[in-house]
Amino acid sequence: MQFLAADPVISSATSTPKQISKRLKEFLNMNQGYISVGFFDLKRIRIADTSGMDIGKQHPFTEYWPDIAGGKDFSLLITMSGTLKKPLLYSASVVKDKKGKPIGVVVSRISVDSLYEIIRQAAGIRHTEKGVEIELMDKNGLLLYSDYNKTEY
């Protein structure tokens, strides 16, 4: 997301929502693991999103927003999606203009299943290997993903 936040179209204060949306879709097409990528203004209003959902609506002050409001330029977390009802990895990065002034936030969403598949391929883990079991838990110990126990999350 930090790469996308520095993109000339995304980081230009004069880009239109249509231009931003087009650039987000191009990014998504190059990076197939993502569910969607969105751009918000600093008031948490969704300006553009590859899903096309909730454009013009304000996002609640949850998930990555407390980190961003607290001064962090980047936030990464895994939590249960309210709309998709499955665990997602959220990555949010502050977008700054040429003068370094924050103008928005880009956010990506990737399913934990896709994340596991990326890790599995990178690590060379095969589905036929015995004894390899993967679980992903949040910081409170809540089970978000299991490759062998699909009924618990």
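**Strand pairing and burial**

Author: Strand 5 is mostly covered, with nine of its ten residues buried. Bear in mind that this is a predicted model.

Reader: Which residues make up strand 5, and how many bridges join strand 4 to it?

Author: Strand 5 covers residues 102-111, and nine bridges join strand 4 to it, the two running antiparallel.

Reader: What do strand 4 and strand 5 form, and how many residues lie between them?

Author: They form a hairpin, with five residues between them. Gly-100, in the turn, has a positive phi of about 90°.

Reader: Which way does strand 1 run relative to strand 5?

Author: Antiparallel: strand 1, residues 34-40, is joined to strand 5 by six bridges. Phe-40 stands opposite Val-105 in strand 5.

Reader: Back to strand 4. In which sense does strand 3 pair with it?

Author: In the antiparallel sense, over seven bridges; strand 3 is residues 74-80. Met-80 stands opposite Pro-87 in strand 4.

Reader: Why is strand 4 described as largely enclosed by the rest of the structure?

Author: Nine of the ten residues in strand 4, residues 87-96, are buried, so the strand is largely enclosed by the rest of the structure. The cut-off for buried is under 20% relative accessible area.

Note on methods. Residues numbered from 1 in each chain as written. Predicted model: local features only at pLDDT ≥ 70, side-chain atom pairs only at ≥ 80, totals over all residues. Heavy atoms only, no water. Buried < 20%, exposed > 50% of the residue type's maximum accessible area, 1.4 Å probe, protein only. Helix = DSSP H or I, 4+ residues; strand = E, 2+ residues; numbered from the N terminus. Pairing = 2+ DSSP bridges.
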